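These are my notebook entries on a structure that I examined residue by residue. The sequence and the structure come before the entries.

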Amino acid sequence: MTTTKTLPPPLPETAHRAPPGPRITPLRVAGTAAVLLLGAGALTITSLALFTDSATVTNNVFTTGSVDINATPATAVVTATAMAPGDQDTAPLTVSNDGTLDLRYAVESTTTEDTLAALLVLTVKTGVTTCDDANWSADGTTIYSGPLGTTGTSQIIGDAATGAQAGDRVLTAGNSEVLCINVTLPLSTTTGQSTTTTATLEFLAEQTANNP
Ligand SMILES: [Ca+2]
């Protein structure tokens, strides 16, 4: 008796491979990363779960002060036309510290020409009881007496340079003082007929604080 063994057919090629596992795709990688991130987030939330407290300091306010000087009247405090030697004009000028800081000020005068400006005598006084032509010379303290000014600007009172110089005048915040202004064409004048000059007085103020 002849026995014939029939071998089973060979397995197909694919049968030797490991069974298919989860396939790694980009979508699966992203999902894994998201899970890891969620885990880290959970850890952070856990670490904040402590007793804490804080304190604040409010209303730390700073405000700057101001230097504000004004002179009144602001125009034509003294004027004269057709002057003859011996003529004069006199009027009060109020200088005010309208700022919140103490100040010191200086005064400069600039004229439109130099000939008549050199002939006219400007006198500035403080403490004059009656500031008019008839009475200005009777009392008070002279703080300037000299030419009306120059085209190149002349120092009249004090010095506008930073700091305290001789003649600088101090005005505390909110206060004012009256200057008596007189301009005279001296009786001895022999030149300068038919001449006009215009003077501009400039009041220059600076803070006194931290400015010796
Ligand atoms: Ca000064």
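**Entry 1: a loop residue.** I began with Asp 132, which is found in the loop between β4 (121-126) and β5 (141-147). Helices (H or I, at least four residues) and strands (E, at least two) are taken here as DSSP runs, numbered from the N terminus. Asp 132 counts as partly exposed because it has 13 C-beta neighbours inside 10 Å. On this scale a residue is buried if 20 or more other C-beta atoms lie within 10 Å of its own, exposed if 12 or fewer, and partly exposed in between, with C-beta atoms placed from the backbone. I then looked up Cys 180, 48 residues apart from Asp 132 along the chain, and found their C-alpha atoms separated by 8.3 Å.

**Entry 2: basis of the values.** I note that this is a predicted model, in which local features need pLDDT of at least 70 and side-chain atom pairs count only at pLDDT 80 or more, while totals for chains, interfaces and linings use all residues. Residues are numbered from 1 along each chain as its sequence is written.

**Entry 3: overall layout.** I recorded 2 helices and 9 strands in the protein chain. From the N terminus on, these elements run α-β-β-β-α-β-β-β-β-β-β. Of the 212 residues, 19% count as buried. For contacts (C-beta atoms, placed from the backbone, within 7 Å), I noted that residues 24 or more positions apart account for 80% of those with a separation of 6 or more.

**Entry 4: the core.** Which residues have the most contacts inside the largest nonpolar core? They are Tyr 105, Val 107 and Leu 120, in a core of 28 residues. β2 (88-97), β3, α2 (115-119), β4, β6 (154-157), β8 (176-184) and β9 (199-207) each give two or more residues to this core. Such a core is a set of buried Ala, Val, Leu, Ile, Met, Phe, Trp, Tyr and Cys residues joined through C-beta atoms within 7 Å. In soluble globular proteins, nonpolar side chains tend to be buried together.

I located Val 107 in strand β3 (residues 103-111). Val 107 counts as buried because it has 24 C-beta neighbours inside 10 Å. Leaving out residues up to four places away in sequence, Val 107 touches Ile 156, Ile 157, Gly 158, Leu 201, Glu 202 and Phe 203. Ile 156 is 49 residues from Val 107 in sequence, yet 5.3 Å away in space, C-alpha to C-alpha. With the same exclusion, the residues that Tyr 105 touches include Ile 69, Val 95, Asp 168 and Phe 203.

**Entry 5: a sheet.** I traced an open sheet of 5 strands with antiparallel pairing, in the order β1-β2-β8-β4-β5. Its edge strands are β1 (69-72) and β5, each of which pairs on one side only. Strands pair here if DSSP finds at least two bridges between them. β4 and β5 are joined by 6 bridges, and 6 bridges also join β4 to β8. Thr 126 has Thr 141 as its bridge partner in β5 and stands opposite Leu 179 in β8. Val 121 has Pro 147 as its bridge partner in β5.

**Entry 6: backbone exceptions.** Most residues other than glycine have a negative phi, and most peptide bonds are trans. I found a cis peptide bond from Thr 72 to Pro 73, with omega near 0°. Pro 73 has its place in the loop between β1 and β2. Thr 153, in the loop between β5 and β6, has a positive phi of about 75°. Ser 194 lies in the loop between β8 and β9, and its phi is near 50°. Ser 194 is exposed, since 6 other C-beta atoms lie within 10 Å.

Technical notes: Contact = placed C-beta atoms within 7 Å.
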